[in-house]
Amino acid sequence: MKILILKPSSLGDVIQALPVLRLLKRHFPTGEIFWWLDSALAPLLEGDPDLAGVVRFERQRWARPQHWPEMLRSIRWLRAEHFDLVIDLQCLLRSGAFAWLSRGKFLAGLDETREGARGFYDLAVPRKSFHTHAVDWYLAVLPPLGVPVHTNFTWLPERPEIAAAVKRKWFGENPQSAIRNPQLILLQPGARWENKRWPVEHFAGLIRRLAGKFPGNRFAILGSGEDKPLGEIISRAAPERCLNLCGATSLPEMIEWLRLCNLLVTNDTGPMHAAAALGKPLVALFGPTEPRRTGPYGQLENVLRLELPCSPCLSSDCTYAKPNECLNAISPAMVFERVQKQLQPQA
């Protein structure tokens, strides 16, 4: 059995789609499964124990005509693999087209009307309802293919060498220090949409409250290189106890930092989904998006949001009379109260 999964982006979407890979591999243990993935996210899945390989989608390069020969070579490679099953979980025109061009024996995908990709599929699986979570919609592809859905899998397996390096950075060279090391609280201040970002000043205010209440705890800020100024602003709230990791971690390292932490305070963004996949406690701050569709899977009770007439608008452009009020009005005190409930008392 040879299978191709298409889910090139984004980080959170790819993480939410991983249970499909895990269950396919358990049902077809000798099968070869490949994942068509945006090259920027390739480090997340390269070397994954359930994958035979990652097929890189060079989105930026292939947008320019001079690189189209590379794209054609990739399509020829896909065809030469003679896939038995192709599953498109992106359900956009380009992913549907690539899935169809791969000439797999059977093509399944999601019944999404946005760009007409379902016209390429032999099987189009509808979303049960508007509020059906993305993870459950992805998993709904499996039963029609004869693959049972269960939870007997590890969502994000540990990478021992990377995990050890992260632990050394946090605990130092003496592993015994882990026994007496303080709790680690991670913060994720960035997000792709500006109106999905809780104000950075609120993150700083939260740090000041937590630093006063939990004098032994330490903090680290996750994010891309573009988020580094946000990390610097937050770090100034407790400079001796904050580590600004923005732009300083690879995707696999980010996963291991999340595995190590005691709690994550986060906007609606990729690391939130990774933390949920790892089963880590979190507080997720939601504004324009709908947590029942794309919230932290299995932890919707840990979402903090306000009920406004326009929320959730599902739009990256805020048109409310008070811009971004859905997040701006969530005070540091409100988040502090939620965080306190999640943190275990210090010994």
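Me: Of the contacts in the chain with a separation of 6 or more, what percentage is accounted for by residues 24 or more positions apart?

Reply: This is a predicted model, in which local features need pLDDT of at least 70 and side-chain atom pairs count only at pLDDT 80 or more, while totals for chains, interfaces and linings use all residues. Residues are numbered from 1 along each chain as its sequence is written, and side-chain values use heavy atoms, with hydrogens and water left out. A contact here means heavy atoms within 4.5 Å. Among the contacts with a separation of 6 or more, the part that belongs to residues 24 or more positions apart is 60%.

Me: How many helices and strands does the secondary structure of the chain come to?

Reply: Both kinds of element are DSSP runs numbered from the N terminus, where a helix is H or I with at least four residues and a strand is E with at least two. Counted in this way, the secondary structure comes to 14 helices and twelve strands.

Me: What percentage of the 347 residues counts as buried?

Reply: A residue is buried under 20% relative accessible area, exposed over 50% and partly exposed in between, with a 1.4 Å probe and protein chains only. By these cut-offs, the buried part of the 347 residues is 53%.

Me: Which residues is Leu-45 in contact with, leaving aside its neighbours within four places in sequence?

Reply: Leu-45 is found in helix H2, residues 42–45, and it counts as buried because its relative accessibility is 1%. Leaving aside the neighbours within four places, the contacts of Leu-45 are Val-14, Leu-18, Trp-35, Leu-37, Leu-51, Val-54 and Arg-159.

Me: How many salt bridges does the count come to?

Reply: Side chains of opposite charge can pair when their charged atoms come close. The rule for a salt bridge asks for a side-chain nitrogen of Lys or Arg within 4 Å of a carboxyl oxygen of Asp or Glu. By this rule the count is 17.

Me: Why does the pair of Lys-196 and Asp-268 tie together parts that lie apart in sequence, and by how many residues?

Reply: The side chains of Lys-196 and Asp-268 meet in a salt bridge, with 3.7 Å from N to O. Lys-196 lies in the loop between strand S7 (184–188) and helix H8 (200–213), whereas Asp-268 lies in the loop between strand S10 (263–267) and helix H11 (270–278), so the parts that the pair ties together are apart in sequence by 72 residues.

Me: Which residue does a cis peptide bond join to Ser-311?

Reply: The omega of this bond is about 0 degrees.

Me: Where is Arg-103 found, and is it buried or exposed?

Reply: Arg-103 has a phi near 60 degrees, a positive value in a residue other than glycine. Arg-103 is found in the loop between helix H4 (93–101) and strand S5 (106–110). Because its relative accessibility is 58%, Arg-103 counts as exposed.
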